Amino acid sequence: MPYIYYGFDPTYWMVIVGVVLSLLASLMVKSTFSKYSRVRSMSGMTGAQAAEKILNSQGIYDVNIQRVSGNLTDHYNPSNKTLNLSDSVYSNTSVAAIGVAAHECGHAIQHAKGYAPLAFRSALVPVANFGSSISWILILIGLFINSRSSMLLIYTGIICFSLAVLFQIVTLPVEFNASSRAVNLLGQIGILGDTELSQTKKVLSAAALTYVAAAAASILQLLRLLALFGGNRRD
(Lines give C-alpha, C1' and ligand atoms only; values in the text may rest on other atoms or scores of the structure.)
Protein backbone atom coordinates (compact mmCIF):
# COMPACT_ATOMS: atom_id res chain seq x y z
CA MET A 1 0.00 0.00 0.00
CA PRO A 2 1.48 3.42 -0.96
CA TYR A 3 2.80 5.70 1.74
CA ILE A 4 0.24 8.32 0.71
CA TYR A 5 -2.49 6.33 2.45
CA TYR A 6 -0.75 6.94 5.77
CA GLY A 7 -0.37 10.68 5.19
CA PHE A 8 3.31 10.40 4.24
CA ASP A 9 4.38 11.20 0.69
CA PRO A 10 8.13 10.83 0.09
CA THR A 11 7.69 11.86 -3.55
CA TYR A 12 6.33 15.34 -2.85
CA TRP A 13 9.70 16.84 -3.77
CA MET A 14 8.79 16.17 -7.41
CA VAL A 15 5.83 18.53 -7.11
CA ILE A 16 8.00 21.21 -5.50
CA VAL A 17 10.65 20.94 -8.23
CA GLY A 18 7.97 21.22 -10.92
CA VAL A 19 6.45 24.32 -9.32
CA VAL A 20 9.84 25.98 -8.88
CA LEU A 21 10.81 25.30 -12.51
CA SER A 22 7.53 26.74 -13.76
CA LEU A 23 7.84 29.86 -11.59
CA LEU A 24 11.44 30.50 -12.65
CA ALA A 25 10.56 30.08 -16.33
CA SER A 26 7.60 32.43 -15.98
CA LEU A 27 9.69 35.07 -14.24
CA MET A 28 12.41 34.80 -16.88
CA VAL A 29 10.08 35.24 -19.86
CA LYS A 30 8.33 38.21 -18.23
CA SER A 31 11.64 39.83 -17.33
CA THR A 32 13.19 39.25 -20.78
CA PHE A 33 10.09 40.43 -22.64
CA SER A 34 9.87 43.53 -20.45
CA LYS A 35 13.53 44.35 -21.07
CA TYR A 36 13.36 44.11 -24.86
CA SER A 37 9.91 45.71 -25.02
CA ARG A 38 11.79 48.93 -24.34
CA VAL A 39 14.03 48.44 -27.39
CA ARG A 40 12.37 49.95 -30.46
CA SER A 41 13.04 48.17 -33.74
CA MET A 42 14.86 50.16 -36.40
CA SER A 43 12.16 49.28 -38.94
CA GLY A 44 9.52 50.94 -36.75
CA MET A 45 7.10 48.13 -37.57
CA THR A 46 4.47 47.06 -35.08
CA GLY A 47 3.96 43.42 -34.20
CA ALA A 48 0.85 43.31 -36.41
CA GLN A 49 2.63 44.89 -39.38
CA ALA A 50 5.56 42.51 -39.06
CA ALA A 51 3.18 39.55 -38.87
CA GLU A 52 1.40 40.63 -42.04
CA LYS A 53 4.67 41.06 -43.91
CA ILE A 54 5.95 37.65 -42.80
CA LEU A 55 2.74 35.84 -43.77
CA ASN A 56 2.57 37.58 -47.15
CA SER A 57 6.19 36.67 -47.84
CA GLN A 58 5.17 33.01 -47.52
CA GLY A 59 2.15 33.39 -49.77
CA ILE A 60 -0.30 33.25 -46.85
CA TYR A 61 -3.16 35.72 -47.27
CA ASP A 62 -6.07 33.94 -45.59
CA VAL A 63 -4.96 34.38 -41.97
CA ASN A 64 -6.75 37.13 -40.07
CA ILE A 65 -4.52 39.12 -37.70
CA GLN A 66 -6.48 40.43 -34.75
CA ARG A 67 -5.92 41.99 -31.36
CA VAL A 68 -6.77 40.18 -28.12
CA SER A 69 -6.72 41.51 -24.58
CA GLY A 70 -4.12 40.53 -22.02
CA ASN A 71 -0.36 40.35 -21.77
CA LEU A 72 1.49 37.63 -23.72
CA THR A 73 -1.80 35.94 -24.60
CA ASP A 74 -0.64 35.63 -28.20
CA HIS A 75 -1.62 32.49 -30.10
CA TYR A 76 -2.48 31.12 -33.52
CA ASN A 77 -5.81 29.34 -33.89
CA PRO A 78 -5.66 26.82 -36.75
CA SER A 79 -9.40 26.11 -36.58
CA ASN A 80 -10.35 29.58 -37.88
CA LYS A 81 -6.95 30.75 -39.14
CA THR A 82 -6.63 33.72 -36.82
CA LEU A 83 -3.36 35.16 -35.55
CA ASN A 84 -4.20 36.64 -32.16
CA LEU A 85 -1.76 39.24 -30.84
CA SER A 86 -1.95 40.63 -27.32
CA ASP A 87 -2.10 44.30 -26.34
CA SER A 88 1.64 44.28 -25.60
CA VAL A 89 2.48 42.95 -29.07
CA TYR A 90 -0.12 44.08 -31.63
CA SER A 91 0.75 47.80 -31.83
CA ASN A 92 4.17 47.68 -30.13
CA THR A 93 7.23 48.49 -32.24
CA SER A 94 9.78 46.76 -30.00
CA VAL A 95 12.03 43.86 -31.00
CA ALA A 96 10.28 41.78 -28.34
CA ALA A 97 6.84 42.41 -29.83
CA ILE A 98 8.02 41.66 -33.35
CA GLY A 99 9.69 38.46 -32.15
CA VAL A 100 6.53 37.19 -30.47
CA ALA A 101 4.41 38.11 -33.50
CA ALA A 102 6.86 36.31 -35.77
CA HIS A 103 6.74 33.24 -33.54
CA GLU A 104 2.96 33.05 -33.94
CA CYS A 105 3.44 33.45 -37.68
CA GLY A 106 5.69 30.41 -37.42
CA HIS A 107 2.65 28.40 -36.27
CA ALA A 108 0.54 29.76 -39.13
CA ILE A 109 3.26 28.71 -41.57
CA GLN A 110 3.43 25.27 -39.96
CA HIS A 111 -0.31 24.95 -40.47
CA ALA A 112 -0.17 26.11 -44.09
CA LYS A 113 2.64 23.69 -44.92
CA GLY A 114 1.14 20.71 -43.09
CA TYR A 115 3.80 20.43 -40.39
CA ALA A 116 3.10 16.98 -38.92
CA PRO A 117 3.88 17.68 -35.22
CA LEU A 118 1.44 20.63 -35.25
CA ALA A 119 -1.30 18.46 -36.77
CA PHE A 120 -0.61 15.77 -34.16
CA ARG A 121 -0.73 18.31 -31.33
CA SER A 122 -4.01 19.75 -32.63
CA ALA A 123 -5.50 16.26 -32.74
CA LEU A 124 -4.36 15.68 -29.15
CA VAL A 125 -6.03 18.81 -27.76
CA PRO A 126 -9.49 17.35 -26.97
CA VAL A 127 -8.00 14.09 -25.70
CA ALA A 128 -5.43 15.89 -23.54
CA ASN A 129 -8.05 18.29 -22.14
CA PHE A 130 -10.32 15.39 -21.23
CA GLY A 131 -7.45 13.42 -19.70
CA SER A 132 -6.29 16.39 -17.67
CA SER A 133 -9.77 17.15 -16.31
CA ILE A 134 -10.80 13.58 -15.45
CA SER A 135 -7.49 12.09 -14.27
CA TRP A 136 -7.41 13.53 -10.75
CA ILE A 137 -11.11 12.87 -10.23
CA LEU A 138 -10.57 9.19 -10.94
CA ILE A 139 -7.45 9.03 -8.76
CA LEU A 140 -9.18 10.72 -5.81
CA ILE A 141 -12.23 8.47 -6.09
CA GLY A 142 -9.92 5.47 -6.17
CA LEU A 143 -8.17 6.70 -3.04
CA PHE A 144 -11.31 7.13 -0.99
CA ILE A 145 -13.31 4.06 -1.90
CA ASN A 146 -12.50 0.67 -0.48
CA SER A 147 -13.25 -1.85 -3.17
CA ARG A 148 -11.57 -4.03 -5.76
CA SER A 149 -12.13 -1.36 -8.38
CA SER A 150 -10.19 1.33 -6.50
CA MET A 151 -6.82 0.57 -8.09
CA LEU A 152 -8.46 0.23 -11.51
CA LEU A 153 -9.77 3.78 -11.12
CA ILE A 154 -6.36 5.03 -10.04
CA TYR A 155 -4.58 3.35 -12.96
CA THR A 156 -7.19 4.71 -15.38
CA GLY A 157 -6.59 8.17 -13.93
CA ILE A 158 -2.85 7.81 -14.44
CA ILE A 159 -3.38 6.77 -18.06
CA CYS A 160 -5.61 9.81 -18.60
CA PHE A 161 -2.97 12.05 -17.04
CA SER A 162 -0.39 10.51 -19.38
CA LEU A 163 -2.33 11.92 -22.33
CA ALA A 164 -1.87 15.43 -20.93
CA VAL A 165 1.85 14.73 -20.47
CA LEU A 166 2.09 13.51 -24.07
CA PHE A 167 0.57 16.79 -25.23
CA GLN A 168 3.21 18.76 -23.30
CA ILE A 169 5.99 16.69 -24.87
CA VAL A 170 4.64 17.05 -28.41
CA THR A 171 4.34 20.80 -27.85
CA LEU A 172 8.12 21.19 -27.49
CA PRO A 173 9.21 20.52 -31.11
CA VAL A 174 6.23 22.57 -32.36
CA GLU A 175 7.29 25.62 -30.34
CA PHE A 176 11.01 25.28 -31.09
CA ASN A 177 10.30 24.97 -34.81
CA ALA A 178 8.01 28.03 -34.79
CA SER A 179 10.73 30.12 -33.12
CA SER A 180 13.36 28.89 -35.58
CA ARG A 181 11.14 29.81 -38.52
CA ALA A 182 10.47 33.22 -36.94
CA VAL A 183 14.11 34.14 -36.46
CA ASN A 184 15.10 32.98 -39.95
CA LEU A 185 12.32 34.92 -41.66
CA LEU A 186 12.90 38.09 -39.66
CA GLY A 187 16.47 38.07 -40.94
CA GLN A 188 15.69 37.01 -44.52
CA ILE A 189 12.94 39.59 -45.03
CA GLY A 190 15.01 42.30 -43.37
CA ILE A 191 12.54 43.24 -40.65
CA LEU A 192 15.27 43.07 -37.99
CA GLY A 193 19.02 43.63 -38.14
CA ASP A 194 21.67 41.29 -36.71
CA THR A 195 21.78 42.93 -33.28
CA GLU A 196 17.98 43.00 -33.10
CA LEU A 197 17.81 39.33 -34.11
CA SER A 198 20.13 38.47 -31.24
CA GLN A 199 17.83 40.30 -28.83
CA THR A 200 14.73 38.63 -30.28
CA LYS A 201 16.36 35.20 -29.89
CA LYS A 202 16.72 35.90 -26.17
CA VAL A 203 13.01 36.67 -25.90
CA LEU A 204 11.98 33.54 -27.78
CA SER A 205 14.47 31.37 -25.89
CA ALA A 206 13.02 32.59 -22.60
CA ALA A 207 9.52 31.84 -23.87
CA ALA A 208 10.61 28.35 -24.90
CA LEU A 209 11.75 27.67 -21.34
CA THR A 210 8.15 27.97 -20.15
CA TYR A 211 7.20 25.02 -22.36
CA VAL A 212 10.22 23.04 -21.22
CA ALA A 213 9.34 23.74 -17.58
CA ALA A 214 5.70 22.77 -18.13
CA ALA A 215 6.73 19.50 -19.76
CA ALA A 216 9.24 18.76 -16.99
CA ALA A 217 6.66 19.47 -14.29
CA SER A 218 4.14 17.17 -15.98
CA ILE A 219 6.68 14.38 -16.39
CA LEU A 220 7.71 14.67 -12.75
CA GLN A 221 4.08 14.49 -11.68
CA LEU A 222 3.55 11.38 -13.80
CA LEU A 223 6.66 9.76 -12.36
CA ARG A 224 5.37 10.62 -8.89
CA LEU A 225 2.06 8.91 -9.57
CA LEU A 226 3.84 5.84 -10.91
CA ALA A 227 6.10 5.77 -7.86
CA LEU A 228 3.13 6.02 -5.52
CA PHE A 229 0.83 3.54 -7.20
CA GLY A 230 2.86 1.50 -9.64
CA GLY A 231 2.78 -2.14 -8.59
CA ASN A 232 0.89 -1.32 -5.39
CA ARG A 233 -2.44 -2.87 -4.47
CA ARG A 234 -4.71 -1.83 -1.67
CA ASP A 235 -5.42 -4.37 0.98
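R181 sits over the face of Y115, 5.5 Å from the ring centre. Such a charge counts if NZ of Lys or CZ of Arg is within 6 Å of the ring centre and within 35 degrees of the ring normal. The model is predicted: local features need pLDDT of at least 70, side-chain atom pairs count only at pLDDT 80 or more, and totals for chains, interfaces and linings use all residues. Residues are numbered from 1 along each chain as its sequence is written, and side-chain values use heavy atoms, without hydrogens and water.

One aromatic pair was found in the whole structure. Rings of Phe, Tyr and Trp (its six-membered ring) pair if their centres lie within 6.5 Å; planes under 30 degrees apart count as stacked, over 60 as edge-to-face and the rest as tilted. The centres of W136 and F161 are 5.9 Å apart and the planes lie at 70°, so this pair is edge-to-face. W136 belongs to helix α5 (residues 116-144) and F161 to helix α6 (residues 150-189), 25 residues apart. Helices (H or I, at least four residues) and strands (E, at least two) are DSSP runs, numbered from the N terminus. W136 is partly exposed, at 31% relative accessible area. F161 is buried, at 10%. Buried means under 20%, exposed over 50%, partly exposed in between (1.4 Å probe, protein chains only).

Strand β3 (residues 82-86) is largely enclosed by the rest of the structure, because five of its five residues are buried. T82, N84 and S86 point one way, L83 and L85 the other. Strand β1 (residues 64-68) pairs with β3 in the parallel sense over five bridges; pairing requires at least two DSSP bridges. Q66 has N84 as its bridge partner.
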